[in-house]
Amino acid sequence: MSNVNATTFTIVVVLFVIVTGVGFGAARWHRAGGGTLLHLDEWGLGGRGFGTFITWFLLGGDLYTAYTFIAVPALVFGSGAIGFYAVSYTIMVFPIVLIFLPRLWSVSRAHGYVTPADFIRGRYGSRGLALAAAVTGIVALMPYIALQLVGIQAVLTVMGVGTSSTNTYVKDVPLFVAFVVLAVFTYVSGLRAPALIAFIKDTLIYLFVIVAVFYIPTRLGGWSHIFDVAQTHFNSISPTTHKPVGTFIPTSKSIGSTQFDFASLALGSAVALFLYPHAITGTLAARRRSVVKRNMIYLPMYSVLLALIALFGYMAVADPTTAANVKKAGNAQLAVPYLFQHMFPSWFTGIAFAGIIIGALVPAAIMAIAAANLFTKNIFTEFFKPDASPRLQTRMSQWVSLVVKFGALLFAVELPHTFSINLQLLGGVWILQLAPMLIGGLFTRWFHRWALLAGWLAGEIYGTIAAYNVKNATTSHWAASSDIVFGHSIYIGLTAVILNLVIVVVLTLILRAARVPQGADETLREEYTADPAEAPAPVPQQVGI
Amino acid sequence: MTQASARTRSAVAAHPITSAAIAILVAAAIVGTLWVPFYARITPKVGDFPFFYFYLLIFMPVTSLLLFLATQLQKRLNGKPLDTPGGER
């Protein structure tokens, strides 16, 4: 515990304790109609009663994670403009999602679906396909949660907290402490805890991002100097690879055509975001269909901050002390924490660090809850205990949320961290394979269920192998999430889902010609556009299945 | 897979121009940053910001505006308000 700044440390601890208190108190908050937490709708969907304001914070929490604060600036710091694909992604995600998400909300409300797999099961009458969707959701969330852990770890490292042991598990004791606290209040309060903490978290984040964006450039000779240094740095030729260090503006030159890479990463990530079970959970917790739509209009405002945060990567390049510190540590994830530590007085650094840590814990909680809902509803109840009481279901979800977090811990420790953004992109490769059955299924029943299953399997296998085989100078596997296809560098998730879709279409034609049974569809056409709350006599809360 | 296809056929058939306008607005919001060659340039600089970075920043409020217009048109398409007053928050 050497080199710990007492002021920074104290502020982080105090804010963390406050947030924990709020987390436990959340169990009593916003519980309309005397619902009980021992019902999965209550624990896992906050009673489905969230309006525009809370939904905005909850969905914004899915965007504003360690991905934003640590992973994106780290990629910008290390590779330049390609990291800004995240900005493009967070812009185009909202128009894309506006196309299909209101339909999912409506049909889920009509049938009491809690998870994306519930919808798949109802739409295609196939338990196997629903199982595939559930397993994919759980597995894909683990690297994403792991990314949150890596983010917390980065902050703790720069704070100097942690023991000097070489054993990874011993070294990260503070990380485990933070995580256990998170796990316990998620267990107790369910979705209400992260929704309430999101207020505190976003206030802290807005505060330090806006201060940083206006203050740091004045210390570094203005924006023009920051961009000049970045341009010179990324255009310079690396002595080891004899190639430019990075890109300042994406190029269209055939060698390392970063424009194609940029666009495919942005598109793939944008389609993937609202296939993740936690993003769907946040959506289904909305009270009204119009709440969902309205949020797609307001949420791009969140992305403005994301763009500014990405620019922290360039600030870190332009600040010689920070750049030297990061280089010495050999970990690009430390770029933002080091930048703040060097630029701000220690008390403000404490606020910023607390913001980042809490900003990683909240989404991790939301993700763990979503994964737990998936397991309980679509694996446990479906295959093992169909007569499970609501109380048992909630208990099961609570325990699974703990298990999922420890699974994420394994990803965090085992996978290389050259760029932690790869953890999110890897999850994206897996979750994107649900696009044909989920997004496709919201618009058409033409796809055959077995074709969807085959396409899903092919996409998952291809994507996993391709991602495993990517290597670079320092790592032999899982080094990146882009691959060279037909001479272009392209996001593996996107190539895999194209392969997936081709197989689905071809097999559907064959299976339909062979008249293989389609399975029963329990949804009706008009249920995709309706808001049941507008009906004259709304049916009180009721869970299907 | 446009916004228009999300509506019932009769609504789309009854208001082809409105439907097309919605589709164009949503498509513009997507293609605006997807088509990288359109803005992958250093000049013209806006303030101290190279064009590439300025464009990404400015396109966010633009997206909000495009989607706002699209949902407003959709309300007209449905012939009824999206939500009842006071049903919010």
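Among contacts in chain B between residues at least 6 apart in sequence, what percentage join residues at least 24 apart? In this predicted model, 48% of those chain B contacts join residues at least 24 apart. For chain A, residues 24 or more positions apart account for 81% of the contacts with a separation of 6 or more.

**The two chains**

Chain A contains 23 helices and 2 strands, and 60% of its 545 residues count as buried. Chain B has 3 helices and 0 strands, so that its elements, read from the N terminus, run α-α-α, and 33% of its 89 residues count as buried. The model as a whole scores ipTM 0.81 and pTM 0.85.

Where pLDDT is low, the predicted coordinates should not be read in detail.

**Where the chains meet**

The contact between the chains draws 39 residues from chain A and 33 residues from chain B. On the chain A side, at least two residues each come from helix 3 (52-63), helix 5 (85-111), helix 11 (222-235), helix 12 (258-273), helix 14 (289-298) and helix 15 (300-318). Helix 5 of chain A gives the most to this side, with 10 residues. Sorted by class, the side of chain A that touches chain B has 26 nonpolar, 10 polar and 3 charged residues.

Two packed helices are described by the angle between their axes and the distance between the axes.

| Helix pair in chain A | Axis distance | Angle |
|---|---|---|
| Helix 5 and helix 15 | within 9 Å | roughly 175° |
| Helix 11 and helix 15 | 8 Å | about 80° |

How are helix 5 and helix 15 of chain A oriented, roughly parallel or roughly antiparallel to each other? Because angles over 145 degrees count as roughly antiparallel, and the axes of these two helices cross at roughly 175°, helix 5 and helix 15 of chain A are roughly antiparallel to each other. The contact is made by A:A86, A:V87, A:T90, A:I91 and A:F94 of helix 5, together with A:P300, A:S303, A:L306, A:A307 and A:A310 of helix 15. By class, this contact has 8 nonpolar, 2 polar and no charged residues.

For the other pair, the angle of about 80° between the axes makes helix 11 of chain A roughly perpendicular to helix 15 of chain A. Here A:H225, A:I226, A:F227, A:V229, A:A230 and A:H233 in helix 11 meet A:Y314, A:M315, A:V317 and A:A318 in helix 15. The contact of helix 11 with helix 15 has 8 nonpolar, 2 polar and no charged residues.

Helix 14 of chain A is mostly covered, with 9 of its 10 residues buried. The buried residues of helix 14 are A:R289, A:S290, A:V291, A:V292, A:K293, A:R294, A:N295, A:M296 and A:I297.

Helix 19 of chain A takes in residues 390-414, and its 25 residues, at 1.5 Å a residue, should span 36 Å, which agrees with the 36 Å that separate its end C-alpha atoms. The buried residues of helix 19 include A:Q393, A:T394, A:M396, A:K405, A:F411 and A:A412.

Although A:F383 and A:R127 are 256 residues apart along the chain, their C-alpha atoms are separated by 9.0 Å.

A:R515 is found in the segment after helix 23 (492-513) of chain A, where A:R515 is exposed, with 7 other C-beta atoms within 10 Å. Most residues other than glycine have a negative phi. A:R515, by contrast, has a positive phi of about 55° although it is not a glycine.

Note on methods: Residues are numbered from 1 along each chain as its sequence is written. Chains are lettered from A and ligands numbered from 1 in the order in which they are written. This is a predicted model: local features need pLDDT of at least 70, side-chain atom pairs count only at pLDDT 80 or more; totals for chains, interfaces and linings use all residues. Two residues are in contact if their C-beta atoms, placed from the backbone, lie within 7 Å. Helices (H or I, at least four residues) and strands (E, at least two) are DSSP runs, numbered from the N terminus. Ala, Val, Leu, Ile, Met, Phe, Trp, Tyr, Cys and Pro count as nonpolar, Asp, Glu, Lys and Arg as charged, and the others, Gly among them, as polar. A residue is buried if 20 or more other C-beta atoms lie within 10 Å of its own, exposed if 12 or fewer, and partly exposed in between; C-beta atoms are placed from the backbone. The expected span of a helix is 1.5 Å times one less than its number of residues. Axes are lines fitted to C-alpha atoms, for helices over the stretch in contact, and angles run from 0 to 180 degrees between N-to-C directions. Angles under 35 degrees count as roughly parallel, over 145 as roughly antiparallel, 65 to 115 as roughly perpendicular and the rest as oblique.
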